[in-house]
Amino acid sequence: MSDTDGWFAGVDRDDPDATTTAIREGSADEPRDWPTIAVDDGFASDADDYYDALREATTAATRAAVTERERADDRQLVHAIRAMDDCNRTANELAERLAEWAGTVDPEAGTGVEYARALAREEADDELEEPAIRSLAERVADLADEADELREFIERQTPTVAPNLSALAEPVLAARLIALAGGLEDLAKKPSGTVQVLGAEDALFAHLRGHAPSPKHGIIYTHDAVRGTHPDERGSAARAVAGKLSIAARVDHYSSELKPELEAELAERVETIQARTTDDDAATDGGADDE
């Protein structure tokens, strides 16, 4: 942009796409008297007219940027994982309500989502004749089926969005981490210590207020390497997993190159950590035998 060009130089005032593009792609090295330049160029009749046009263009540019961002593949995963959790939570709550209601009619009524599915499909061995109860069971079954379909979508889509992250964690856990961080780019920018406690915000803030010990892990507790490690070494396993997941997220966001060695390195590290407690147990058993 030259010293004499305005922010909308050469742009048709009646072309909203052109003014939006000028906002999204334009730049200037230093501030200038933009309203005066716009009036001199004939883009606006006065300063107020210029600011009206600027407000319309910046609003349209912001709307376009948000729409573009929300349509990104990682944002689709965020919406899918949240929708799946909503369906599961609502299905479980309604299943509890259904069991309570059905139990007042049939003492042999079952519980849970699977009972609701059986009732909806008329597979349950009961004598419930109240249509409203069966209708509620159908709603529960539909929500559970929707959650299953969303899980299939997540398991199919996550490896294409974040192949390394999906390989190290399973696809649903990878999608949860992306959702908790706010997107793949946000996850890639977070330090491994933050990734380690994602999902444990309540415990973390309780610790910061001095009311609880520091959490060892957040949602990555569901990772086999963390959950399968002895509680005494679970913090070390969580740090190792979080470190590799952070690296995987950065590779996925900045290059998308598949790095199978990350999985092998994590397996080796976790094996070393888990061997500590195995050795301790062996030493304890040996000491007991000696006695």
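Student: Which residues does Leu187 touch, not counting residues up to four places away in sequence?

Tutor: This is a predicted model. In it, Leu187 touches Leu165, Leu177, Ile178, Ala181, Val195, Leu198 and Ala249, with residues up to four places away in sequence left out of the list.

Student: And which residues touch the most other members of the largest nonpolar core?

Tutor: Leu187 is one of them, together with Ile154, Leu165, Ile178 and Leu245; the core has 41 residues.

Student: Which elements give two or more residues to this core?

Tutor: They are α4, α6, α7 (163–168), α8 (171–181), α9 (184–189), α12 (224–227), α13 (234–254) and α14 (260–290). Of these, α8 gives the most, with eight residues.

Student: How many residues are in the second, separate core?

Tutor: That core has 17 residues, including Ala102, Val113, Leu128 and Leu136.

Student: Back to α8. How many of its residues are buried?

Tutor: Nine of the 11 residues of α8 are buried, so that the helix is mostly covered under the cut-off of 20% relative accessible area. The buried residues are Pro171, Val172, Leu173, Ala174, Ala175, Leu177, Ile178, Ala179 and Ala181.

Student: What covers the buried residues of α8?

Tutor: The cover includes α4, α6, α7, α9 and α13.

Student: Now the helix pairs. At what angle do the axes of α4 and α6 cross?

Tutor: The axes of α4 and α6 (residues 131–161) cross at roughly 155 degrees and come within 8 Å. That angle makes α4 roughly antiparallel to α6. The crossing is left-handed.

Student: How do the residues of that contact divide into nonpolar, polar and charged?

Tutor: The contact of α4 with α6 has 25 nonpolar, five polar and five charged residues.

Student: And how are α4 and α5 oriented to each other, roughly parallel or roughly perpendicular?

Tutor: Helix α4 (residues 73–105) and helix α5 (residues 112–120) have axes that cross at roughly 65 degrees and come within 8 Å. The two helices are therefore roughly perpendicular to each other. The crossing of α4 and α5 is left-handed.

Student: Which residues meet there?

Tutor: From α4, Ala91, Asn92, Ala95, Leu98 and Ala102 meet Gly112, Val113, Tyr115, Ala116 and Leu119 of α5. The residues of this contact comprise eight nonpolar, two polar and no charged. Ala102 and Val113 are also among the residues of the second core.

Conventions
Residues numbered from 1 in each chain as written. Predicted model: local features only at pLDDT ≥ 70, side-chain atom pairs only at ≥ 80, totals over all residues. Heavy atoms only, no water. Axes fitted to C-alpha atoms, helices over the stretch in contact; angles between N-to-C directions. Helix = DSSP H or I, 4+ residues; strand = E, 2+ residues; numbered from the N terminus. Parallel < 35°, antiparallel > 145°, perpendicular 65-115°, else oblique. Left-handed = near helix turned anticlockwise from the far one by under 90°. Contact = heavy atoms within 4.5 Å. Nonpolar A, V, L, I, M, F, W, Y, C, P; charged D, E, K, R; others polar. Core = buried A, V, L, I, M, F, W, Y, C linked by side-chain atoms within 4.5 Å. Buried < 20%, exposed > 50% of the residue type's maximum accessible area, 1.4 Å probe, protein only.
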